[in-house]
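Welcome! Here is a short briefing on one protein model, written for someone new to reading structures. Take a look at it first, and then we will walk through a helix and a sheet together.

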Amino acid sequence: MGAFAVPIVPGKLDAWKAWAAELTGPRKAEFEDMNARYNLTDHRAWLQTTPDGQHMSVVLVDGPGADDLMLKLATSENGFDAWFRAGISEVHGIDFSGPLPPPTQRFL
């Protein structure tokens, strides 16, 4: 999967920050477990603002399981995965019930 940028839904910046804080704080062990289950060696995100003021999340997902992450996450019944998927839907507007968006252009 590599690195990619995904827009943050307008008005959801605070929700993105709170979600990211959960992943690096109280839910860090669950996040690390998810990454291990999906065979990811690195999974990070950074906040970036475009010149026109749009907030983006620059995401790095690396490891042997990176290319299948979204497809597997979409159908996972694991409780943390469902919470993580709901966070993606809320802050990035991705609907996991239908076809996933096409891959964005990779930076790496």
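Which residue just after α2 takes a positive phi? That residue is Asn-39, with a phi of about 60°. Keep in mind as you explore that this is a predicted model.

- Helix α2 covers residues 28-37, and its buried residues are Phe-31, Met-34 and Asn-35.
- Looking down the axis of α2, you would find these buried residues within an arc of 100°, so they line one face of the helix.
- On the face of α2 turned away from the buried side, you will find the exposed residues Ala-29 and Ala-36.

- Three strands form an open sheet in the order β1-β3-β2, and their pairing is antiparallel.
- β1 (2-7) and β2 stand at the edges with a single partner strand each, so one side of each has no neighbour in the sheet.
- On average, neighbouring strands of this sheet are turned by 20° against each other, direction ignored.
- Strand β3 (residues 55-62) pairs with β2 in the antiparallel sense over eight bridges.
- Opposite Asp-62 in β3 stands Asp-42.

Notes. Residues numbered from 1 in each chain as written. Predicted model: local features only at pLDDT ≥ 70, side-chain atom pairs only at ≥ 80, totals over all residues. Heavy atoms only, no water. Buried < 20%, exposed > 50% of the residue type's maximum accessible area, 1.4 Å probe, protein only. Helix = DSSP H or I, 4+ residues; strand = E, 2+ residues; numbered from the N terminus. Arc of directions from axis to C-beta. Pairing = 2+ DSSP bridges. Axes fitted to C-alpha atoms, helices over the stretch in contact; angles between N-to-C directions.
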